[in-house]
Amino acid sequence: MAAMQAVVTLPKSDPVEINGDTPTLRLFALLEVIASKDQYFSLQSLADETDVPKPTLHRMLQQLENAHLLERSSDGRQYGTGVRLRRLAENLLLNDTAHGARHAVLRNLVAEVGESCNLTALSGSEVIYLDRVETPAPLRFYLHPGSRVPVHCSASGKVFLSQMAPGQRQRLLGNTPLEAFTPKTLTDLAALEAEVRKVRRQGFALDNEEFLPGLLCVAVAVPSASGRSNLCVAVQAPMMRLTADKALALLPALQRAAAALSHIETDATPAQGLGAALAAVAGA
């Protein structure tokens, strides 16, 4: 007689509540759910996840799409974050009131390592410079806050890529031109994937003349309570002063700065925390 097999039924998770005293606040609550996603989503999948009736949810998504806060995929069946929402996330990170505290951490890091340092975030397929403190040394590469660098050829970009699920990383890189800025730029998807996996194992990334000739950069993620971070801190210098071997010696200082920046994010007020919450949108 065949043995009886036990059938285990997993409990269905409770739907996410979309609460708010006004229609505007309910739209914002829906945006909070959307901001947590790392890929496109359908009306049906969102209806299954939330407590909102499907007709009501369809109307809310239309409102957000008309306001350019959401956009549709090429097949018209799925939704993703829109340009206006991504710009909102960037502006929150660039201009929030924690800027002064972050800037002080960068100043202290520059004083310790003697080279230019910057704070970055992921925005689509680019890395955006949120803040930067320059070295007093006469020879330096100047990149101002607001500057953008392609994700595939920057140290911070590799760190951000290393935190993604393989599927999300493949979608991003598959739709991003891997332009060769120098002979050392990684433009082969397989080679870049191998590099990203190495970054994930070692916990830091190097840009070894991959964006600008003669420039070396080392970056680490700012720890986040959620596990995945949308902030990196990095050191940049001409290779005549900073080789790859010397960059490794700077990792303890970088990690201390990253920990200090993480405390600033943790201690932020609810208004400042909004910037950290919507930072996920910039990377979606």
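**Cysteines.** I looked up the sulfur of Cys117 in this predicted model and found the closest cysteine sulfur, in Cys217, at 9.2 Å, which is too far for a bond. The cut-off for a disulfide is 2.5 Å between the sulfur atoms. I then checked Cys217, which is in no disulfide either; its nearest cysteine sulfur, that of Cys232, is 9.2 Å away. I recorded zero disulfides for the structure. I noted that Cys117 is buried, at a relative accessible area of 0%, and that Cys217 is buried as well, at 4%.

**Sheet.** I traced an open sheet of six strands in the order E6-E5-E4-E9-E8-E7, with antiparallel pairing. Strand E6 (148–150) and strand E7 (205–208) each have a single partner strand, so one side of each has no neighbour in the sheet. I noted an average twist of 30° from one strand to the next. I followed strand E8 (residues 215–221) along strand E9 (residues 232–238) and found seven bridges in the antiparallel sense. Val220 has Val233 in E9 as its bridge partner.

**Helices on the sheet.** I found helix H5 (residues 99–113) packed on the sheet, where H5 touches strand E4 (116–123), strand E5 (126–133) and E9; the direction of H5 makes about 75° with that of E5. I saw that H6 lies across E4, E5, E7, E8 and E9, at about 35° to E8.

**Helix pair.** I looked up H6 (residues 155–162) against H8 (residues 189–202): their axes come within 8 Å and cross at roughly 80°. H6 is therefore roughly perpendicular to H8. I listed Lys158, Val159, Leu161 and Ser162 in H6 as meeting Glu195, Val196, Val199 and Arg200 in H8. By class, I recorded four nonpolar, one polar and three charged residues in this contact.

Note on methods:
Residues are numbered from 1 along each chain as its sequence is written. This is a predicted model: local features need pLDDT of at least 70, side-chain atom pairs count only at pLDDT 80 or more; totals for chains, interfaces and linings use all residues. Side-chain values use heavy atoms; hydrogens and water are left out. Buried means under 20% relative accessible area, exposed over 50%, partly exposed in between (1.4 Å probe, protein chains only). Axes are lines fitted to C-alpha atoms, for helices over the stretch in contact, and angles run from 0 to 180 degrees between N-to-C directions. Helices (H or I, at least four residues) and strands (E, at least two) are DSSP runs, numbered from the N terminus. Angles under 35 degrees count as roughly parallel, over 145 as roughly antiparallel, 65 to 115 as roughly perpendicular and the rest as oblique. Contact means heavy atoms within 4.5 Å. Ala, Val, Leu, Ile, Met, Phe, Trp, Tyr, Cys and Pro count as nonpolar, Asp, Glu, Lys and Arg as charged, and the others, Gly among them, as polar. Two strands pair if DSSP finds at least two bridges between them.
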